Amino acid sequence: MTEQALESFAGIDPAFAGQQLNDKLGLEISELGPERVVGSIPVEGNLQPYGLLHGGANAVVAEALGSMVCALNAGADKATMGLELSCTHHRAVRSGRVTGVATPVHVGRGTVTAEIVLTDDQGRRSCTARLTCVVRERPPGA
């Protein structure tokens, strides 16, 4: 993710850009806005022992995209932190890419909740997730 993209949502510190789990999974963000964040990962390299996309990879994508949409909705003067993540895995994915779309379903002063839908290359839903982030004042100097 570019430094400009990082700065565009909630003042994320570019010093942490090289340490992102998202990069290890190969997450590519294709759309970044407060109403919708879209990203995808390759299935290859993110497998569990039976040759299927690892459920934890779904969870990482869901948390990453959901966190971005929550941060964008909370505002640059606020900090958001994951409070609860729920994932339902509907179907196995063996190849190609998985694309996630995060949209806000609740934007409040204290919490923001996002729904994240992951689909395979054929557009079939493979996972549905919900992420709730708590919203706090950004500490001075952060």
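Residues are numbered from 1 along each chain as its sequence is written, and side-chain values use heavy atoms, with hydrogens and water left out. Because the model is predicted, local features need pLDDT of at least 70 and side-chain atom pairs count only at pLDDT 80 or more, whereas totals for chains, interfaces and linings use all residues.

The chain contains three helices and six strands, taken as DSSP runs numbered from the N terminus (helices, H or I, at least four residues; strands, E, at least two). Read from the N terminus, these elements follow the order α-α-β-β-α-β-β-β-β. Of the 142 residues in the chain, 39% are buried, where buried denotes under 20% relative accessible area, exposed over 50%, and partly exposed the range in between, with a 1.4 Å probe and protein chains only. With contact defined as heavy atoms within 4.5 Å, 64% of the contacts between residues at least 6 apart in sequence join residues at least 24 apart.

The six strands form an open sheet in the order S1-S2-S4-S5-S6-S3, with antiparallel pairing; two strands are taken to pair if DSSP finds at least two bridges between them. Strand S1 (28–33) and strand S3 (78–89) are the edge strands, each pairing on one side only. On average, neighbouring strands of this sheet are turned by 20° against each other, direction ignored, the axes being lines fitted to C-alpha atoms, for helices over the stretch in contact, and the angles running from 0 to 180 degrees between N-to-C directions. Helix H3 (residues 55–74) packs on the sheet and touches S1, S2, S3, strand S4 (97–107), strand S5 (111–119) and strand S6 (125–137), its direction making about 145° with that of S3. The end C-alpha atoms of H3 are 28 Å apart, in agreement with the 28 Å that its 20 residues should span at 1.5 Å a residue, the expected span being 1.5 Å times one less than the number of residues. H3 is followed by Gly-75, which has a positive phi near 105°.

Gly-26 lies in the loop between helix H2 (21–25) and S1 and is partly exposed, with a relative accessible area of 25%. Apart from neighbours within four places in sequence, Gly-26 is in contact with Ser-40, Ile-41, Pro-42 and Arg-97. The C-alpha atoms of Gly-26 and Ser-40 are 8.0 Å apart, although 14 residues separate the two in sequence.

A search of the whole structure found zero disulfides, a disulfide being a pair of cysteine sulfur atoms within 2.5 Å. For Cys-127, the closest cysteine sulfur is that of Cys-87, at 4.6 Å, which is too far for a bond; Cys-127 is buried, with a relative accessible area of 0%. Cys-133 is likewise in no disulfide, the nearest cysteine sulfur, that of Cys-70, being 3.8 Å away, and Cys-133 is buried at a relative accessible area of 1%.
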